Amino acid sequence: MSEKKKEFDCLKVTNVQVFPFQNGFAGKLKGLANVVLNGQLSLRGLRVNDGVNGLYVGYPCDPFFKGEEYRSMFSPVTRELREEIENAILEEYAKVLKENG
């Protein structure tokens, strides 16, 4: 059983699509991304943002939440999954920018 559990310790990104915006089109928002986890779960609407410490990935917010703060529609629970998703998106973003010159 421990071997099977280790196999699923972290979901894996199996597909990434990045859609960068043109120069300055959306201010600090640099693009949008979609990812697929384990070929079975699609996450859409992730944002590539430019912040004080460089690029980072933002998760979609619930448009119907009426509280003072934002509430994400989904977000990784573990650090490992967050790193897996964000690294895949930022690597693909850099690759697409390089290809498009």
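Two strands pair if DSSP finds at least two bridges between them. Strands (E, at least two residues) and helices (H or I, at least four) are DSSP runs, numbered from the N terminus. With these terms, Phe19 stands opposite Leu32 in β2. The model is predicted: local features need pLDDT of at least 70, side-chain atom pairs count only at pLDDT 80 or more, and totals for chains, interfaces and linings use all residues. Residues are numbered from 1 along each chain as its sequence is written, and side-chain values use heavy atoms, with hydrogens and water left out.

**Strand pairing**

- Strands β1 and β2 run antiparallel and are joined by 7 bridges.
- Strands β2 and β3 also run antiparallel, with 7 bridges between them.
- Leu32 has Arg47 as its bridge partner in β3.
- The hairpin of β2 and β3 has 3 residues between the strands, and Asn38 takes a positive phi near 50 degrees there.
- In a regular strand the side chains alternate between the two faces of the sheet.

**Nonpolar core**

- A nonpolar core is a set of buried Ala, Val, Leu, Ile, Met, Phe, Trp, Tyr and Cys residues joined through side-chain atoms within 4.5 Å.
- Buried means under 20% relative accessible area, exposed over 50%, and partly exposed in between (1.4 Å probe, protein chains only).
- The largest nonpolar core has 17 residues, of which Val13, Val16, Val35, Leu43, Leu46, Ile85 and Ile89 touch the most other members.
- Two or more residues of this core come from each of β1 (13-20), β2 (29-37), β3 and α2.
- Helix α2 gives the largest share, 5 residues.
- Leaving out residues up to four places away in sequence, Val35 is in contact (heavy atoms within 4.5 Å) with Val13, Asn15, Val16, Leu41, Ser42, Leu43, Leu46, Ile85 and Ile89.
- In soluble globular proteins, nonpolar side chains tend to be buried together.

**Asn49**

- Asn49 belongs to strand β3 (residues 41-51).
- Asn49 counts as buried because its relative accessibility is 9%.
- Beyond its neighbours within four places in sequence, Asn49 is in contact with Lys28, Leu29, Lys30, Gly54, Leu55, Tyr56 and Gly58.

**Aromatic pair**

- Rings of Phe, Tyr and Trp (its six-membered ring) pair if their centres lie within 6.5 Å; planes under 30 degrees apart count as stacked, over 60 as edge-to-face and the rest as tilted.
- The structure holds 1 aromatic pair.
- Tyr59 and Phe74 form this edge-to-face pair, at 6.2 Å centre to centre and 85 degrees between the planes.
- Both Tyr59 and Phe74 lie in the loop between β4 (54-58) and α2 (79-99), 15 residues apart.
- Tyr59 counts as buried because its relative accessibility is 7%, whereas Phe74, at 25%, counts as partly exposed.
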